[in-house]
Amino acid sequence: MTRNLTFIRGLAVAGAAGLLLTGCGGNEPPVPGENGTNNPDGGGDSSGSSSYGVMAEWDGCEALDDVQAVQDFMGVTDWGTNGIMSSDIPGGLDGEAFNCGGAANLAVYLMENEVTGDKEIPGTANIDVGVAPWESDSEAAENFQERVDQLKEAIETGGTEYSNVQEGEIEGDWDGSYYYAGASNTGFNADAIAYKGDLVLYVFIDYTTDPAVQDGADPVYPFTDESIVDWMLNDYMPTTYSDLLAKKESGL
């Protein structure tokens with residue numbers, strides 16, 4: 001099978017909203033099973049069908065439950081003027097994956113000023129969760145490595161300096177995984193890619209610094225840089241993967 005990786009956002013490229021707003025995906029994906037086999041490597045579950053064969057026409061936000069868990073953890077207040085964005089295969093810039101997310105508003109900080117008047121300052125975030133299903137474990141492994149290589153290149157060439165960097169493999173029962181998280185001058189980025197069987201899952205989140213903290217006040221965000229990385233890697237990603245396998249068995 002030949003499917004082209006059309007885009008990896010990474011830390012240094014355009015935000016998640018840009019990924020999902022565009023309706024120009026990559027090459028039209030092939031008909032499932034055109035290689036004369038259906039998941040010859042065994043896949044990540046016992047259904048006997050490849051993930052691509054089942055998920056090729058899934059809608060991103062329907063499959064990913066509107067990334068509600070991310071919304072709840074980060075305290076998303078709304079999705080701005082564009083709303084939450086959903087793409088199927090190959091509807092978004094990442095023509096290999098279905099996605100859900102967009103540009104979100106977070107908690108608002110009320111900056112009080114007797115001279116100029118009070119001002120409400122919201123935090124903002126870009127959230128992109130994507131799933132690339134494949135016909136075989138070997139295709140998923142190859143695609144995973146391509147995505148990791150492109151993410152690393154984006155970080156190295158993007159021109160942004162990061163501090164308090166965390167980087168490495170994700171603990172747990174993944175066949176392959178990589179994450180990078182770090183603080184910039186304007187906020188924080190946490191990107192992770194993992195695969196198991198014939199399914200690749202990625203989560204890209206970046207957000208502005210808590211506006212209250214910037215003003216020397218108590219935080220208004222319901223999370224910290226440390227807690228979101230831990231939750232994303234050790235809770236959200238394995239739970240999302242398990243949910244996807246369950247839906248693969250039962251259908252959306």
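Trainee: New one for me. What kind of model is this?
Mentor: A predicted one.

Trainee: OK. How many helices and strands in the secondary structure?
Mentor: Seven helices and seven strands.

Trainee: In what order do the elements run from the N terminus?
Mentor: They go α-α-α-α-β-β-β-α-β-β-β-β-α-α.

Trainee: And how much of the chain counts as buried?
Mentor: 50% of the 252 residues. The chain exposes about 11,200 Å². Carbon and sulfur atoms supply 44% of that area.

Trainee: What share of the contacts comes from residues 24 or more positions apart?
Mentor: 67%, counting contacts in the chain with a separation of 6 or more.

Trainee: Switching to charges. How many salt bridges does the structure hold?
Mentor: Four. One of them pairs aspartate 94 with arginine 147. Their closest N and O atoms are 2.8 Å apart.

Trainee: Where do aspartate 94 and arginine 147 lie?
Mentor: Aspartate 94 is in the loop between strand E1 (85–87) and strand E2 (98–111). Arginine 147 is in helix H5. So the pair ties together parts that are 53 residues apart in sequence.

Trainee: Is aspartate 94 buried or exposed?
Mentor: Buried, because its relative accessibility is 0%. Arginine 147 also has 0%, so arginine 147 counts as buried.

Trainee: Which salt bridge does glutamate 96 make?
Mentor: Its side chain meets that of arginine 147, at 3.0 Å from N to O. Glutamate 96 lies in the loop between E1 and E2 and arginine 147 in helix H5, so this pair links parts 51 residues apart in sequence. Glutamate 96 is at 1% relative accessibility, so it counts as buried.

Trainee: What about aspartate 173?
Mentor: Aspartate 173 forms a salt bridge with lysine 196. The closest N and O atoms are 3.2 Å apart. Aspartate 173 sits in the loop between strand E4 (163–168) and strand E5 (176–183). Lysine 196 is in strand E6 (residues 187–196).

Trainee: Is aspartate 173 buried or exposed?
Mentor: Exposed, because its relative accessibility is 58%.

Trainee: And which residues do shared partners join into one network?
Mentor: Asp94, Glu96 and Arg147.

Trainee: Now the surface. Which residues form the negative patch?
Mentor: Glu142, Glu146, Asp149, Glu153, Glu156 and Glu167.

Trainee: Which helix gives the most to it?
Mentor: Helix H5 (residues 137–157), with five residues. Glutamate 146 is in helix H5.

Trainee: Why does glutamate 146 count as partly exposed?
Mentor: Because its relative accessible area is 33%, and partly exposed runs between the under 20% of buried and the over 50% of exposed.

Trainee: New topic. Where does glutamine 71 lie?
Mentor: In helix H4 (residues 68–74). At 13% relative accessibility, glutamine 71 counts as buried.

Trainee: What is glutamine 71 in contact with?
Mentor: Leaving aside neighbours within four places in sequence, glutamine 71 is in contact with Asp66, Val76, Trp79 and Ile84.

Trainee: Last one. Where is aspartate 230 found?
Mentor: In helix H7 (residues 225–250). Aspartate 230 is partly exposed, at 47% relative accessibility.

Trainee: How far is aspartate 230 from isoleucine 170?
Mentor: In sequence, 60 residues. In space, they are 9.9 Å apart, C-alpha to C-alpha.

Definitions and conventions
Residues are numbered from 1 along each chain as its sequence is written. This is a predicted model: local features need pLDDT of at least 70, side-chain atom pairs count only at pLDDT 80 or more; totals for chains, interfaces and linings use all residues. Side-chain values use heavy atoms; hydrogens and water are left out. Patches are made of residues with over 30% relative accessible area and no salt bridge: like charges are joined within 9 Å, nonpolar side chains (Val, Leu, Ile, Met, Phe, Trp, Tyr) within 5 Å. Accessible areas come from the Shrake-Rupley method with a 1.4 Å probe; for residues, only the protein chains shown count as cover. Lys and Arg count as positive and Asp and Glu as negative; His and the chain ends are not counted. The place of a charge is taken as NZ of Lys, CZ of Arg, CG of Asp or CD of Glu. Helices (H or I, at least four residues) and strands (E, at least two) are DSSP runs, numbered from the N terminus. Buried means under 20% relative accessible area, exposed over 50%, partly exposed in between (1.4 Å probe, protein chains only). Contact means heavy atoms within 4.5 Å.
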